[in-house]
Amino acid sequence: MVNYKELGLVNTKEMFAKALKGGYAVPAFNFNNLEQLQAIVTAAATEKSPVILQVSKGARNYANGTILRYLGMAAVEYAKELGWEKPQIVLHLDHGDSFELCKDCIDNGFSSVMIDGSHLPYEENVALTKKVCDYAHKFDVTVEGELGVLAGVEDEVSADHHTYTNPEEVVDFATRTGCDSLAISIGTSHGAYKFTPEQCTRDPKTGKLVPPPLAFDVLEGVMKKFEKQGGFPIVLHGSSSVPEEYVEMCNTYGGKLPNAIGIPESELTKASKSAVCKINIDSDSRLAFTGAVRKHFAEHPDHFDPRQYCGDARKEMIKMYTHKIVNVLGSKGKAE
Ligand SMILES: [Zn+2]
């Protein structure tokens, strides 16, 4: 049993309370390899931004849970080396699908877990989430629950259609489960193809696809319900913006990502200023990595040292993470 506090990690409690008051969101970046972790920590440490390192079940299967855990632990020491005296870093399980998986993470140094019972009937979701909360809270680990279903594909999580969160359920759910934050569905979705061209309109000037707006009325409905208790930390999943420059970089150098489309950054900035305290970004890192590697291979067909092309990928990801922190979520300087 390793408690996260021994590792210098923090849970989300204070972090979200500050974000809720301060009108910004904490970035939650998924990682499954060394370069992603280095890039996330470098960006967060340089900008003094609180940050959530997320590990999905798919990432555990790919990289091995033990290895990822130690990478998460290394993040704190690396951040200090970079001059961040009091790193505000959370190690979080993304989309935990069972009590056992959540318990395993809690017992092994995670400071936060998500239990995703959103596909279950309401009462079963409540029971499962409460069970995880009861265990997690014994060790001061924070828990994210989810109500509503997101469309799209992310590792093992997939759904054809989204079902918006019902604001009538949120207070009952949060009260009965004891969860510390709540992921809701307002039209964001997993993956790099968040909308089909049919769901979008075309900008008559540029011919580019314009995605439908997020359901801010649902978010407002949820926030209203929590007003009496002084607000509640809300989480948005599937919030990559699928930057055009990376899609183009991939496609220019041999890739094939037609009609990849994400959430406009202006919508995420708007959400950050509300009760949304955590915004999940995964696909953008994949795209930056892949774009940079494709470009490197095209320009240097003679290279075969992974440090050469992974080094380029890392540089590109640092740029992307920094941009999110500084220009999109407003979390720069919030963890001095
Ligand atoms: Zn998700």
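Helices (H or I, at least four residues) and strands (E, at least two) are DSSP runs, numbered from the N terminus. Counted that way, the protein chain has 12 helices and 13 strands. Keep in mind that this is a predicted model: local features need pLDDT of at least 70, side-chain atom pairs count only at pLDDT 80 or more, and totals for chains, interfaces and linings use all residues. Residue numbers start from 1 along each chain as its sequence is written.

Now for the overall shape. The radius of gyration, taken over C-alpha atoms, can be compared with a globule rule of 2.2 Å times the number of residues to the power 0.38. For 336 residues, a compact globule would come out near 20 Å, and the protein chain has 19 Å, which agrees. Along the principal axes, its C-alpha atoms fill a box of roughly 60 × 50 × 35 Å.

What about the inside? A residue is buried if 20 or more other C-beta atoms lie within 10 Å of its own, exposed if 12 or fewer, and partly exposed in between, with C-beta atoms placed from the backbone. Of the 336 residues, 51% count as buried. D104, found in helix α5 (residues 99-106), counts as partly exposed because it has 17 C-beta neighbours inside 10 Å.

Next, the core. A nonpolar core is a set of buried Ala, Val, Leu, Ile, Met, Phe, Trp, Tyr and Cys residues joined through C-beta atoms within 7 Å. The largest one here has 96 residues, and I40, L53, V113 and L182 touch the most other members. Helix α12 (residues 306-329) supplies the largest share of this core, eight residues.
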